[in-house]
Amino acid sequence: MADRVSARIAIGGTLPRSLLDDLKQHIDDEDLRVDWEGEPFDPENLPVDTPLDLKAHEVAWGYFEQLEQFCRDHGLAYVRCSGSFGPDREVFTGSGEPRSHAVTEDDEFVFSLETIRELGSIAAIEARAVEANFTPGPLVIVDDLPSECAEATHG
């Protein structure tokens, strides 16, 4: 049986309207809520100037496997926080690979002695701290380009 913990994910970036139903399905599959005990997510109520912030209790292993993969596949930035095996914050900036960061129970970033030695300089430590404290921008839904326009911009 999987360890289950409370977890939350903040999602931001630009998503074509044609993918909104797919995003909603992943959110529904995880039974994510906009408030810990609140109503299910409704795309009509997307926040305008903040990331989409979703929460759930009893999350297997503390991560949202399919939703996180969807975000990576479509370049949506996210920050997922969970208490799996000690508090953890995973940051995906919209490109590259996600990176996990150890945090305290109060969601403050911490460095192990091993990490400090690995990073090797104050500048590298500060850069990692900036990365760990990343916050996605708002989730913006945009109309899809007509197929001939999309081909012209990529061809």
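Reader: Start with confidence. What is the mean pLDDT of the chain?
Author: The mean is 87 for this predicted model, and 90% of the residues reach 70 or more.

Reader: Which element has the lowest mean pLDDT, and which the highest?
Author: Helix α5, residues 147-154, has the lowest, at 51. Helix α2 has the highest, at 96.

Reader: Now the layout. How many helices and strands?
Author: Five helices and six strands.

Reader: In what order do they run?
Author: From the N terminus, β-α-β-α-β-β-β-α-α-β-α.

Reader: How much of the chain is buried?
Author: Buried residues account for 34% of the 155 in the chain.

Reader: And contacts in the chain? What share joins residues at least 24 apart?
Author: Counting contacts between residues at least 6 apart in sequence, 60% join residues at least 24 apart.

Reader: On to helix packing. How do α1 and α2 cross?
Author: α1 covers residues 20-29 and α2 covers residues 65-73. Their axes come within 8 Å and cross at roughly 155°.

Reader: Parallel or antiparallel?
Author: Roughly antiparallel, because the crossing angle is over 145 degrees.

Reader: Left-handed or right-handed crossing?
Author: α1 passes α2 in a left-handed crossing.

Reader: Which residues make the contact?
Author: α1 brings D22, L23, H26 and I27. α2 brings Q66, L67 and F70.

Reader: What classes are those?
Author: Four are nonpolar, two polar and one charged.

Reader: Where is I9?
Author: In strand β1, residues 4-16.

Reader: Buried or exposed?
Author: I9 is buried, because its relative accessibility is 0%.

Reader: Is F41 buried or exposed?
Author: Buried, because F41 has 3% relative accessibility.

Reader: So what is F41 in contact with?
Author: Beyond four places in sequence, F41 is in contact with K24, I27, L32, V34, L46, L52 and L54. I27 also takes part in the contact of α1 with α2.

Reader: How far is F41 from D28?
Author: They are 13 residues apart along the chain, with 7.5 Å between their C-alpha atoms.

Reader: What about E30? Where does it sit?
Author: E30 is in the loop between α1 and β2. At 24% relative accessibility, E30 counts as partly exposed.

Reader: What does E30 touch?
Author: Setting aside residues up to four places away, E30 touches A56, F64, E65 and Q66. Q66 is one of the α2 residues that contact α1.

Reader: How far apart are E30 and Y63?
Author: In sequence, 33 residues; in space, 9.7 Å from C-alpha to C-alpha.

Reader: Why flag that?
Author: Because most residues other than glycine have a negative phi.

Reader: Where is D31?
Author: In the loop between α1 and β2. D31 is partly exposed, with a relative accessible area of 45%.

Reader: And the phi of E58?
Author: E58 has a positive phi too, of about 60°, and is not a glycine either.

Reader: In which strand is E58?
Author: E58 is in strand β2. At 54% relative accessibility, E58 counts as exposed.

Reader: Last one, A129. Which helix?
Author: Helix α4, residues 122-132. A129 counts as partly exposed, at 22% relative accessibility.

Reader: What does A129 touch?
Author: F109 and F111, not counting residues up to four places away.

Reader: And how far are A129 and H101 from each other?
Author: Their C-alpha atoms are separated by 9.2 Å, and they are 28 residues apart along the chain.

Conventions: Residues numbered from 1 in each chain as written. Predicted model: local features only at pLDDT ≥ 70, side-chain atom pairs only at ≥ 80, totals over all residues. Heavy atoms only, no water. Axes fitted to C-alpha atoms, helices over the stretch in contact; angles between N-to-C directions. Helix = DSSP H or I, 4+ residues; strand = E, 2+ residues; numbered from the N terminus. Parallel < 35°, antiparallel > 145°, perpendicular 65-115°, else oblique. Left-handed = near helix turned anticlockwise from the far one by under 90°. Contact = heavy atoms within 4.5 Å. Nonpolar A, V, L, I, M, F, W, Y, C, P; charged D, E, K, R; others polar. pLDDT = per-residue confidence, 0-100. Buried < 20%, exposed > 50% of the residue type's maximum accessible area, 1.4 Å probe, protein only.
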